[in-house]
Amino acid sequence: MTKTAVTDDYFQQSELKNRSFRFGGREATSPKIVWPLLVLLSLNVGSTGIVESSDTRIIIWRVSFAALMCAGVYFTVLGWVINRVAGQLGSLRTWCIGFLYATTELLRAVLIQVFAEGLGLNTNPQWEFRIVAALTSGLVIFALVSTVVNDSASYRNAYKDLYTQRVQLQSIVESSTENLIRARDQLVDTTREQLEKALRSILTETEKTSPEYPKIIQNLYSVAEETVRPLSHLLFENPLKLSPVTSTSKPPRISLMTVIRRSSLVAPFRPGLYFAMAAILSFPSLLVNFDLGYIGSWLMSVGLIYGTVELARRYLSPHLATMNLIIRFVVITAVYAAPALFFAQVALNQTTNQTGFTLETIFYGLVLGAVLGWLMASSAGMRTARLEMLDEIKQINQELTWQNARIQSELWLDQKSLALTLHNDVQATLLAAALKLKAALDRGEKTANDSLPEIRELISRSINFGEYHSRNKTLDAVIERINNNWAGLITMDVAVSPETLRAIENDFVGLGVLEDVLSEFQNNSLKHGAATKTTAQLTMPNTGILHVVMANNGTPLSTKNSSGLGSAFINSVALEYSLETVQGGVQLILQLPLEGK
């Protein structure tokens, strides 16, 4: 069994380590992916191969819009089917999402040609080029956007979980004094109410003119054994847990300006990735223009893309931090958009009927370059921004978890003190009252009657009990008490450095909790494992944290004994713990909060 306060290895175990998840995650079929991208791709009217004129321009835009809507509906329907058939992460879902992305853009490109021919427009389909171009552009662009969106969703979910934990822990810590006082008062008041209820009839009987002495004696015995004793055991066996206040506050959203600021400083220029995407997107154009002239232009255009972004990475990146955010945004956009404009013109000029730069080419090239560039930049910047915030929250959570465990430790000592008070003082007082009254009765009713004021005083003292505190002020005294209790049956050896020992003995709460941890392990080792020896190693790897490693030479763990006081108590006061069977016995490792953090 284990308990972990804050999952430090959250991201090592998260879906973000799985590349297939980043491509085909939960948001892969989201409308926020398909509709913006279909609009972006539809802006490139010039690549349709349809001969334009003043009379056909509006018709072409209508055809493009109709194809966009059909492709969007196809994406939505097939995405719904994929979510039902391949809803779990894995290779099947990845392949299905890849098929969806590629065929969505393919359907849009094919429908434009079909609708245009149906309306009698002059088309030049170039199907070999168009099919390959649609498949590659759909797969690459959709996949890039899906990766960014899924990364964002995953970090947002992780951030939400950690933020919720932070609010819950903080609600306990911020009201720690109030919570402790309330919990202490509740413990004492509840116990006193039960005692007063059980003893009220006895007090009433003692005030009668002719009290029934045997009844009083019997009732005193009954209250001691049937009320006080179970109350004491209940307090020992059920450590109270402070409950956090339920919060309705939502995690703050990471602003767009924060993402842009991080994205523009972390890794804004990514020449290798940009070059690879440009090459993949324009590769189909080589199928229809495989001649030396076009190959040279193509190499020059992709080389310009790589060279521009690489130069910016080398010479502009060091100066971005000193730039105004708006200027920085414009510079990064220009670095990606300018070479994309020339690249788009080279690719479209050889695969369509247009000549020279057109307004559509200029607009599409600039927009596509800027969008792809910022997507690549944000994939690093957004990740870094969220990691920094998550790391900050995680550190806060660790601190809050420490304080929460510390508060629970103090509450446990209060609860233990009350249990011992009931067991040692209250029960003994009631038994003493019963025995005194019985002894007085044996000497006669008059003597018994004369003793009633003292009996009433003892009963009142039982109701208005004080509190018991452990007399053990040193770790040696704790170990000596534990070993004396089980002398001849089981022994405990403790290894601790002078520095750690000093820290433990300077912390009354820490020593008290450690005493109960060691005692409980010793008891369970003998009771459940038939062990004859236990060891404990106490170290302080970090300030404010006591690392405890305990082991015995008993039998392996039994599933029947996996719950009870040990797990409830340790789960309440420990930062984290693990209990497992090891070679030669059982080992318990836990961390306790010590003062001084």
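Reply: Start with Ser525. Its relative accessible area is 1%. The cut-off for buried is under 20%, so Ser525 counts as buried. Keep in mind that this is a predicted model.

Ser525 sits in helix α17. What does Ser525 touch, leaving out residues up to four places away in sequence? There are contacts to Ile490, Ala530, Ala531, Thr534 and Asn552.

Ala530 belongs to the loop that runs between α17 (508-529) and β3 (533-542). Its phi is near 55°. That is a positive value, and the residue is not a glycine. Is Ala530 buried or exposed? Its relative accessible area is 57%. Exposed means over 50%, so Ala530 is exposed.

Strand β4 covers residues 545-552. Among the elements of the chain, β4 has the highest mean pLDDT, at 95. The lowest belongs to helix α1 (residues 10-13), with a mean of 36.

Over residues 1-20, pLDDT stays under 50. The model still has 47 contacts for these residues beyond four places in sequence. For the chain as a whole, mean pLDDT is 79. A value of 70 or more is reached by 78% of residues.

Asp151 lies in helix α6, residues 127-174. Its relative accessibility is 2%, so Asp151 also counts as buried. Which distance separates Asp151 from Phe23 in space? From C-alpha to C-alpha, it is 9.3 Å. In sequence, the two are 128 residues apart.

Next, helix packing. Take α3 (residues 31-42) and α4 (residues 57-85). Their axes are 10 Å apart, and the packing angle is about 155°. That makes α3 roughly antiparallel to α4. Their crossing is right-handed. From α3, the residues involved are Val34, Trp35, Leu38, Val39 and Ser42. On the α4 side they meet Trp61, Ser64, Leu68, Met69, Ala71, Gly72, Val73, Phe75 and Thr76. Sorted by class, this contact holds ten nonpolar residues, four polar ones and no charged ones.

Helix α4 also packs with α5 (residues 91-118). The angle is about 155° here too, and the axes are 8 Å apart. That makes α4 roughly antiparallel to α5. This crossing is right-handed as well. By class, the contact of α4 with α5 counts 20 nonpolar, five polar and two charged residues.

Finally, the whole chain. How many helices and strands does the protein chain have? There are 18 helices and six strands. The chain has 597 residues, and 48% of them count as buried. Consider contacts between residues at least 6 apart in sequence. Of these, 81% join residues at least 24 apart.

Terms used: Residues are numbered from 1 along each chain as its sequence is written. This is a predicted model: local features need pLDDT of at least 70, side-chain atom pairs count only at pLDDT 80 or more; totals for chains, interfaces and linings use all residues. Side-chain values use heavy atoms; hydrogens and water are left out. Axes are lines fitted to C-alpha atoms, for helices over the stretch in contact, and angles run from 0 to 180 degrees between N-to-C directions. Helices (H or I, at least four residues) and strands (E, at least two) are DSSP runs, numbered from the N terminus. Angles under 35 degrees count as roughly parallel, over 145 as roughly antiparallel, 65 to 115 as roughly perpendicular and the rest as oblique. A crossing is left-handed if the near helix is turned anticlockwise from the far one by less than a right angle, and right-handed if clockwise. Contact means heavy atoms within 4.5 Å. Ala, Val, Leu, Ile, Met, Phe, Trp, Tyr, Cys and Pro count as nonpolar, Asp, Glu, Lys and Arg as charged, and the others, Gly among them, as polar. Buried means under 20% relative accessible area, exposed over 50%, partly exposed in between (1.4 Å probe, protein chains only). pLDDT is the predictor's confidence in each residue, from 0 to 100.
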